[in-house]
Amino acid sequence: MSGRILHLRNVKVSFDTTDGTVEAVKGVSLHVNAGETVAIVGQSGSGKSQLMMAAMGLLAPNGSATGTADYRGANLLSISKSRLNGIRGAKITMIFQEPMTSLDPLYTIGDQLSEPIRKHQRLGAAQARARAIEMLRLVHIPEPERRMGSYPHEMSGGQRQRVMIAMALANNPDLLIADEPTTALDVTIQAEMLELMASLQQRFGMGMVFITHDLNIVRRIAHRVYVMRHGEVVEEGGTAELFANPKHAYTRALLEAEPAGRKPPAAPHARKMIDATDVRVTFRIGGGFLSGPPLELRAVDRVSMTLRQGQTIGIVGESGSGKSTFARAVLRLLPSEGTISFENRPIQNLTRGEMRPLRRELQIVLQDPFGSLSPRMTAGQIVTEGLLVHEPSMSRAERDRRAAQALEQVQLDPSLRNRYPHEFSGGQRQRIAIARAIILKPKVVVLDEPTSALDRQVQKQIVDLLRDLQQANNLSYLFISHDLAVVRAMADHIMVMKDGRMVEQGTPEEVMEHPREDYTRRLMAAAFAR
Amino acid sequence: MLRYVLRRLLTAIPTLFVIVTISFFLMRAAPGGPFNQEKGLNPVIKANLERVFHLDQPLWKQYLLYLNNLIHGDFGPSYNLPDFTVAELFADSLPISIQLGGSALVLALLLGGILGIIAALHQNKPADYAVIATATAGSTVPTFVIAPLFQLFFALTLKWFPVGGWGDGALVNKVGPVLTLMLPQLAIVARLMRGSMIESLRSHHIRTARALGLSDYSVVIRHALRGALLPIISYAGPAAAALLTGSIIVETIFSIPGVGRYFVEGALNRDYTLVMGTVVVIAVFTIVFNLIVDILYAVVDPRVRYD
């Protein structure tokens with residue numbers, strides 16, 4: 001048992017809420033050996049994060065944990081705060097999902113890196129600084145000396161996550177707990193990050209707990225896997241066995257939730273719905289009274305596209321590549337240059353008023369199912385709001401009937417339509433957003449990362465739903481995603497964007513199996529690596 | 001940064017000009033004048049007075065005359081206190097109001113800040129409820145109730161402090177007005193601080209700091225408090241401008257010769273120059289404190305850049 005660094009026994013986590021006590025973790029036991037990578041997988045809400053938060057003493061003030069979390073003879077759940085503060089950050093460290101917000105925006109990278117080094121290793125300022133620079137170099141931050149003086153907002157998400165890793169490893173920990181550390185990052189950066197973590201793990205010989213919902217990552221890096229559901233471990237075992245021979249029905253469902261299938265291509269000479277040529281979008285930053293001319297930023301640079309009836313064009317690329325900006329420009333939600341026509345009618349120069357009747361035919365569904373629904377309107381009101389604009393003469397009863405019908409189409413119980421958004425799950429909210437778009441019987445729908453915020457299983461249901469709706473209503477989709485597996489299942493044509501330009505396009509087979517551009521190859525390698 | 005400050009000071013000039021112009025004509029639009037008294041002044045004397053103060057000139061001429069004097073730093077004479085110029089009145093009274101208001105503000109920020117932090121650290125526990133209850137009481141009981149209660153209890157019954165008067169700035173004379181001015185501010189600061197501290201403590205980078213094993217002091221003071229200060233700073237700016245330019249209620253109740261009463265007295269007596277002077281002083285304070293707020297913002301938060 002000497003190699004066992006962390007051993008959780010019968011850990012229960014509960015939260016006191018206004019609705020009474022909620023049990024998030026219901027008696028979980030697991031262990032991690034030195035040098036081993038253990039993955040904890042499960043959907044959001046399965047309690048996988050809260051379990052490790054409890055072990056680190058990081059539960060919210062209304063949370064409490066029972067059981068034992070044994071680290072080299074000390075029960076982390078019951079030792080004093082000062083002893084716990086001697087262990088966490090030094091011997092056991094944790095990195096989190098949100099690279100953009102996990103660093104303190106008000107202090108420099110150097111300050112934040114040095115503080116725990118000085119505390120745990122009792123080093124002076126100069127020595128701590130040297131160690132911090134060494135760590136930045138280790139996580140491949142270019143020009144580490146200069147970067148020490150940077151603030152988090154001056155760095156990209158990937159760089160911030162590297163800094164987080166540097167902070168976590170600076171004191172040579174025995175165990176690193178990583179809570180979805182790559183989920184918020186682009187696939188190419190995700191791949192680099194996983195490689196980096198694997199190499200650092202080997203170098204330091206530490207154990208690693210990897211909390212994730214992404215089975216692809218588990219397959220690549222974990223030795224052993226715990227599958228959690230509703231606060232309990234339903235299955236555990238070696239990664240290879242578990243993937244080859246899942247015993248529990250839930251594990252099988254998780255494995256089968258990978259998006260599958262292909263979309264049959266639309267007829268090659270189907271009606272042109274949208275024809276966009278040389279679309280350019282330029283943002284102007286700053287400028288004004290006494291401060292000189294504004295800085296110009298070309299967000300979309302000469303991108304052309306033809307979207308036909310029944311077709312789905314997938315737009316892929318990293319964040320900042322201009323995918324969403326291009327789609328918004330096509331819908332005339334952003335000012336742009338170039339020519340755009342809808343059903344062979346030029347719409348580039350129409351005024352807001354002239355665009356309004358066309359709006360019902362051009363709908364959009366956004367990524368964030370939490371932010372894109374008004375919290376002060378019921379599901380029914382949200383879904384029918386567009387009808388108030390486009391069919392003002394419609395009677396209340398008829399509107400209600402249409403709302404029920406639209407909710408049925410997205411497989412939501414229409415009797416729930418008087419509830420408010422916060423009473424729905426993420427997947428249900430995304431269904432409401434889709435119902436809001438299709439109730440107007442649109443011809444073109446822009447889907448901007450509609451599944452990215454959802455768990456794999458829910459994602460699969462939404463993909464199926466979108467495909468069914470497309471077939472039934474002969475819709476054209478512009479599908480934006482950084483998740484190539486979903487794009488492969490949805491699109492019959494793919495555009496790859498980088499730095500505002502389209503670098504490659506073609507059928508999914510052409511782009512994914514035989515990419516011509518180096519950039520596309522890297523993107524595919526990162527997304528589908530085994 | 002220096003360029004930014006200069007630019008802000010330059011843009012203050014047109015702002016002040018607009019404020020002065022609007023106030024000037026609004027004041028003149030009100031019926032009556034400085035020499036319309038109940039008994040009625042001898043018409044000859046009245047005409048003489050009006051000639052001396054240029055009130056017989058067309059309005060636009062008076063306006064240009066006032067602007068010209070103002071640019072040369074001359075606020076003009078007071079109509080109702082003819083022995084003094086407006087500048088002299090301010091020279092005597094403004095320092096008093098600044099002392100009282102400044103002390104009240106500093107105390108409110110310190111005590112309110114500490115109470116707010118304590119409440120946030122013990123959210124939904126007795127200490128928190130106690131602070132919220134105090135803050136609610138502090139912001140709902142009006143000044144004109146607190147001040148007499150203070151006089152009744154501490155001055156008349158316990159005889160710790162004088163009932164009123166400035167006493168050439170003796171400390172005992174200041175306690176009452178400062179406490180009365182401070183209480184409502186303290187209540188607001190404590191509530192603001194509690195809210196923004198709770199939010200700050202919930203943020204992801206605080207979780208990171210805890211996960212790194214940093215001490216409570218570092219987590220709460222170094223990391224959480226600094227981020228929580230921003231809303232307090234933006235409140236303190238306008239509050240400072242209001243407090244330092246005096247309070248009619250507190251100064252009247254405690255018989256303090258501060259600047260606060262001039263605004264109301266001046267307006268009631270149509271003492272045009274006095275009202276205009278007060279307007280200019282308050283406007284300048286407001287502009288300056290808003291600028292200080294923006295500079296402090298950039299000092300606390302490196303993401304704020306003005307160039």
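## Cavities and rings: worked exercises

Helix 8 of chain B gives the most to the lining of the largest cavity, with three residues. The model is predicted; local features need pLDDT of at least 70 and side-chain atom pairs pLDDT 80 or more, while totals for chains, interfaces and linings use all residues. Residues are numbered from 1 along each chain as its sequence is written, chains are lettered from A in the order in which they are written, and side-chain values use heavy atoms, without hydrogens and water.

**Exercise 1.** Describe the largest cavity: its volume, its lining and the classes of its residues.

*Solution.*
- Step 1. A cavity is a set of points on a 1 Å grid over the protein atoms alone where a 1.4 Å probe fits but cannot get out; lining residues have an atom within 4 Å of a point.
- Step 2. The whole structure has six cavities of 30 Å³ or more. The largest has a volume of about 60 Å³.
- Step 3. Both chains line the largest cavity: L103, D104, Q112, E115 and M167 of chain A, with H205, T208, A209, L212, L214 and H223 of chain B.
- Step 4. Helix 3 (109-121) of chain A and helix 8 (204-211) of chain B each supply at least two lining residues. Helices are DSSP runs of H or I, at least four residues, numbered from the N terminus; strands are runs of E, at least two.
- Step 5. The lining has five nonpolar, four polar and two charged residues. Ala, Val, Leu, Ile, Met, Phe, Trp, Tyr, Cys and Pro count as nonpolar, Asp, Glu, Lys and Arg as charged, the others as polar.

**Exercise 2.** Characterise the pair F25(B) and Y63(B).

*Solution.*
- Step 1. Rings of Phe, Tyr and Trp (its six-membered ring) pair if their centres lie within 6.5 Å; planes under 30 degrees apart are stacked, over 60 edge-to-face, the rest tilted.
- Step 2. F25(B) and Y63(B) are tilted, at 4.9 Å centre to centre and 45° between the planes.
- Step 3. F25(B) lies in helix 1 (residues 2-29) and Y63(B) in helix 3 (residues 59-71) of chain B, so the pair ties together parts 38 residues apart in sequence.
- Step 4. F25(B) is partly exposed at 33% relative accessibility. Y63(B) is buried at 10%. Buried means under 20%, exposed over 50%, partly exposed in between (1.4 Å probe, protein chains only).

**Exercise 3.** Which ring of chain A does the charged end of R207(B) sit over?

*Solution.*
- Step 1. The criterion is CZ of Arg or NZ of Lys within 6 Å of the ring centre and within 35 degrees of the ring normal.
- Step 2. R207(B) sits over F96(A), 3.8 Å from the ring centre.

Notes: 1 Å grid on protein atoms, 1.4 Å probe; cavity = no way out; pocket = protein on both sides within 12 Å on 5 of 7 lines; lining within 4 Å. Points joined across faces, edges and corners; volume = space filled by probe spheres on them.
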